[in-house]
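The sequence and structure follow.

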Amino acid sequence: MKEKDLLRVADVLGTPVWGAEPFRRLWRVRTSRGDWVAKRVQHVAHLYWWLWVDREMRMRGFHLMPQIRTDGKRWVLTPLIPGQPASYKKLSDARKAARQLALFHRLGDGLQTRPYHQGEYLLEERLDTRLREFYRTITTLGDTDHELASLMKTYGSFFYQAGVAAMSRLNALGLRKWVKRDRRLHRLAHRDLASHNWVMDTKGQLWLIDFETADYDSQLGDVWQLMSRTLSEHHWAPDIYRMLLAEYEAIRPLSAGEKTLLVALLSFPNEFFREAVGLVQEKRGYALVKSLPYLKQLVRDREHWQRFLETIRSW
């Protein structure tokens with residue numbers, strides 16, 4: 001972080017800054033009033049929109065997200081939460097996340113803050129884009145790592161066909177209609193529920209962080225993200241799906257139509273698509289040492305995944 005940025009941060013916080021160091025691809029800022037996490041502003045319009053949403057959510061009673069300080073141009077600052085990122089491998093973390101997400105959704109239903117744009121890149125478009133990206137990846141695969149290339153050539157078609165079938169089912173169920181309804185009703189969605197966007201503090205309290213992708217969109221997309229990431233870590237055990245659904249619905253019940261859509265969403269192989277495209281395109285945050293073993297696990301578990309889908313469709 002440059003000297004002028006340290007001075008800007010000190011001005012925002014109203015206290016001298018002792019220094020800054022890289023922290024989980026962000027910056028950890030040390031001050032006499034404790035440590036803060038600093039992140040560069042990506043979209044100023046979204047930042048101002050979120051500041052209004054943040055205020056409204058707190059007025060409604062949702063406080064398990066860090067307070068925000070900002071200069072309104074370059075930096076967003078939040079207090080450092082002592083603790084560790086949550087893990088969907090730990091069912092206790094996943095259960096807490098399901099309950100907290102349900103509260104976030106229930107209190108984020110029908111907000112008064114106006115949308116900051118006309119509604120771009122909503123859930124159905126995100127799915128379609130991911131499917132198209134994966135198709136381009138498997139049809140233009142060149143000189144990639146040999147093991148990754150072999151994996152993609154052997155199993156890429158299977159996962160692509162599963163994605164096509166899932167999109168067909170979602171379209172038949174009217175996913176776009178549901179997405180437009182949630183946006184029209186100003187239903188808040190986080191839209192990036194990777195486990196590192198939950199932080200478990202030293203007292204066992206779970207915090208939701210990083211709202212730069214939040215928008216009025218299908219809340220079901222958040223449920224699907226949490227479910228698919230947790231279930232893929234636990235070999236698609238139906239009992240875990242039932243448990244997470246019960247935790248969520250204890251606070252924010254789903255309609256029969258939403259449950260049908262959720263099953264269809266879980267038939268979309270998003271985990272495989274995301275990791276494969278990230279590796280092949282060398283996106284930030286994707287590395288062979290971590291993503292390739294995960295892709296292999298998804299390949300090994302594909303029969304578990306298909307049996308899981310058959311099971312929950314019959315419920």
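At what angle do the axes of helix H7 and helix H8 cross? The axes of H7 (residues 219–233) and H8 (residues 238–249) cross at roughly 150° and come within 10 Å.

## Basis of the description

The model is predicted: local features need pLDDT of at least 70, side-chain atom pairs count only at pLDDT 80 or more, and totals for chains, interfaces and linings use all residues. Residues are numbered from 1 along each chain as its sequence is written, and side-chain values use heavy atoms, with hydrogens and water left out.

Helices (H or I, at least four residues) and strands (E, at least two) are DSSP runs, numbered from the N terminus. Axes are lines fitted to C-alpha atoms, for helices over the stretch in contact, and angles run from 0 to 180 degrees between N-to-C directions.

## Helices H7 and H8

With that crossing of roughly 150°, H7 is roughly antiparallel to H8; angles under 35 degrees count as roughly parallel, over 145 as roughly antiparallel, 65 to 115 as roughly perpendicular and the rest as oblique. H7 passes H8 in a right-handed crossing (the near helix is turned clockwise from the far one by less than a right angle; anticlockwise is left-handed).

On the H7 side, Val-223, Leu-226, Met-227, Thr-230 and Leu-231 are in contact (heavy atoms within 4.5 Å) with Ile-240, Tyr-241, Leu-244, Leu-245 and Tyr-248 of H8. The residues of this contact comprise nine nonpolar, one polar and no charged. Ala, Val, Leu, Ile, Met, Phe, Trp, Tyr, Cys and Pro count as nonpolar, Asp, Glu, Lys and Arg as charged, and the others, Gly among them, as polar.

## Surroundings of H8

Buried residues of H8 (under 20% relative accessible area; exposed is over 50%, partly exposed in between, with a 1.4 Å probe and protein chains only) include Met-243, Glu-247 and Glu-249. The buried residues of H8 pack against helix H3 (91–107), H7, helix H9 (256–266) and helix H12 (302–313).

## Helices H5 and H10

Helix H5 (residues 146–172) packs against helix H10 (residues 270–280) at about 140°, with the axes 11 Å apart; the two are therefore oblique to each other. Their crossing is left-handed. Leu-148, Met-152, Phe-159, Tyr-160 and Gly-163 of H5 and Phe-272, Phe-273, Ala-276, Leu-279 and Val-280 of H10 make the contact.

## Leu-185

Leu-185 lies in the loop between helix H6 (175–184) and strand E7 (188–189). Leu-185 is partly exposed, at a relative accessible area of 35%. Beyond its neighbours within four places in sequence, Leu-185 contacts Asp-109, Gly-110 and Leu-111.
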